[in-house]
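This briefing covers the ligand site, the helix packing and the backbone geometry of one structure. Please look over the sequence and the model before reading the points below.

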Amino acid sequence: MRRIRVLDSVTVNKIAAGEVVESPASVVKELVENSLDAGSQHITVEIEGGGIERIAVRDDGCGMSPEDAVAAFLRHSTSKITAIEDLSSISTLGFRGEALASISAVSRVEMTTRERGSPEGTRIVVQAGKMSTCDPVGCPEGTAIVVSDLFSNVPARRKFLKGPQAEKARCIDIAMRFALVRTEVGFMVRSEGETRIECPSGEDLRSRAASVLGVKTAKGMRDLGPLDCGIARVHGLTSLPWDTRSNSAGITISVSGRVVRNRSLVEAIRSGYGRKLMKGRYPLSVISIDIPADRTDVNIHPTKDLIKFSDEPSVLRCLERAVGRALFGGPPGPVAERAPRQGPKGTPALEPARVRPSTTPRQVPIIEGEVRPNEAPTDQWEDVPVIEGLAKLPPALPENASNLRLRIIGQLDRSYILCELGSDLVLVDQHAAHERVRLEALRAKHAGPTFPVQELIEPIVMDMDPSAIAALSSLSEGLRSLGFAMEGFGKGSLMVTGLPSFMGRIEGQGVLLDLAGAGDPHEGCGPPDPAFLPESVPMKDRVINLTACRGAIKAHQQLSLNEMEQLMGDLLKCEVPLHCAHGRPTMIRLPMSALERWFKRVL
Ligand code: ADP
Ligand code: MG
């Protein structure tokens, strides 16, 4: 028979460590949190072997007395709360008193610490939960903790670690989030001897974002708030709607200085973008929410990064509204003090998004893993790397694009207009673009149910095969009210005596062929999309769509700079600038981040 036993403290700590310490990144998190709680001005994080071999965190915080240094390793030892009531007013990141106990149960921890104003420091070594050294030592004020050989005594845990590369990325990710959130503190993060983050204390958020995320990424973000909704105050930075990622990794949210994970908050940010955000896409955001401690509960998970709000709907609304204002305008500041959507003289204050081309030197931004060059070309000419996954590129432009400043670079293959948008490359299909411009112009001009007829002085005789003629005859009723006058002209021919007044002879002929299903897949349009203009589309709309296409600039047609500028100007004024009448894209944006990846400037 097995007997029930109370486990010894080493075993208890080893088991409990699983909750707090699941990976090197969680060690980084706990140690940096302790350094922040110690009131540090500057924190250095060093990672080796993905953090599995070694993690060192140094700070210039308050340090510990020799007695506290020993006590710090005991489970449930904390200087931050004394009773459960304190939790409702907690201002520190830690409070459970289990991080050091847990970490030291599953690794080797060496701590040197000197309390501010004390002449001497303390050095303690704890290995697999057992203290082996505790000596006085000379060291700077503050605390340095080195964690090595993580999980070497818990093989089961170690097996669950990803490779050093992945663990390293997670460590840097968490450090980056702290750096983004705690701008008052200076950070230095080094991994495998390489400096990854270096930022001074006391930066403003925008400069901090530039130091952490890269100048270019930071430049592309809009100021969010501060917005005071009574229950919460929100401020931060958030990307423009087309600067997105396929997951929420680019979103850093902090609640009262604590980096948190929370799905509802992420969704609230997304809904602030309204329909501007494509399905399945997430913006890049750094958002702080300040809320009184008694309105939140962080004690719902040992890692303290999940959070509950006593009035979640209000917090979510506030966040959504702050994001919406950042993107679409509206006054910042307290909601109550100003009327929400009014400018000074009752004029609408909603301002469309505006993009300013960046002029600063580029820095490596965080890269989306979407566009990957083919690996290792074998023959230098045959295997020039091809970009995959173009369909997954970010949307070329926001829907409301009239204020974008695109600089035209030139024409490619006399078919595509190349433009610079910030530092991204935008490729525009000149035919599709002109088709869209014509479509919207025609629609606006011919809003009535019928088109006026223009009698042709010289009729057009079209030679067609019998099935095409039959198809057109079946449509002739509807076509007559739209300005087409036709009659049979012997076997295999059709005579057109009138066309809608806005249509030229060649266009008219093309449109009729298209309607008869006999149109050639003409220049620029490619094979017709089966979903394009199904029977259900009213005849009038079909005629306008086809006219827009038939009359548009073709591929392989030389354009002057003026013509390209005119076309792009017209296109950006369109209601739906991103798609031609056939629903194909008019333009594609190749982000600098993709190019940099492609050229292996960044990996
Ligand atoms: P908690 O942070 O929940 O209090 P920890 O196990 O993380 O628990 O730390 C235990 C205690 O050790 C803390 O309450 C704090 O007093 C002390 N401590 C830990 N790290 C530091 C540090 N870097 N500087 C000063 N004190 C520290
Ligand atoms: Mg702690």
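An oxygen atom of ligand 1 sits 2.9 Å from a polar backbone atom of Leu 100, a polar contact being a pair of N or O atoms within 3.5 Å (within protein, one must be able to donate a hydrogen and the other to accept it, and residues adjacent in sequence count only if both atoms are side-chain atoms). The protein buries 93% of the 530 Å² that ligand 1 exposes when taken alone; accessible areas come from the Shrake-Rupley method with a 1.4 Å probe, and for residues only the protein chains shown count as cover.

The model is predicted, with local features needing pLDDT of at least 70 and side-chain atom pairs pLDDT 80 or more, while totals for chains, interfaces and linings use all residues. Residues are numbered from 1 along each chain as its sequence is written, chains are lettered from A and ligands numbered from 1 in the order written, and side-chain values use heavy atoms, leaving out hydrogens and water.

**Ligand site**

- Around ligand 1 there are 20 residues, of which Asn 34, Thr 78, Ser 79, Lys 80 and Gly 97 come nearest; a residue is near if one of its heavy atoms lies within 4 Å.
- Asn 34 places a polar side-chain atom 2.8 Å from an oxygen atom of ligand 1.
- For Gly 97, a polar backbone atom is 2.7 Å from an oxygen atom of the ligand.
- The shell has seven nonpolar, nine polar and four charged residues, where Ala, Val, Leu, Ile, Met, Phe, Trp, Tyr, Cys and Pro count as nonpolar, Asp, Glu, Lys and Arg as charged, and the others, Gly among them, as polar.
- Helices H2 (24–37) and H4 (99–105) each supply at least two shell residues; helices (H or I, at least four residues) and strands (E, at least two) are DSSP runs, numbered from the N terminus.

**Helix packing**

- The axes of H13 (residues 505–515) and H14 (residues 539–550) come within 9 Å and cross at roughly 125°; axes are lines fitted to C-alpha atoms, for helices over the stretch in contact, and angles run from 0 to 180 degrees between N-to-C directions.
- H13 and H14 are therefore oblique to each other, as angles under 35 degrees count as roughly parallel, over 145 as roughly antiparallel, 65 to 115 as roughly perpendicular and the rest as oblique.
- H11 (residues 430–445) packs with H14 at about 140°, their axes 8 Å apart, and this pair is therefore oblique.

**Backbone geometry**

- The peptide bond from Gly 225 to Pro 226 is cis, with omega near 0°, and Pro 226 lies in strand S9 (residues 221–228).
- Ser 256, in the loop between strands S12 (251–255) and S13 (258–260), has a positive phi near 45°.
- Most residues other than glycine have a negative phi, and most peptide bonds are trans.
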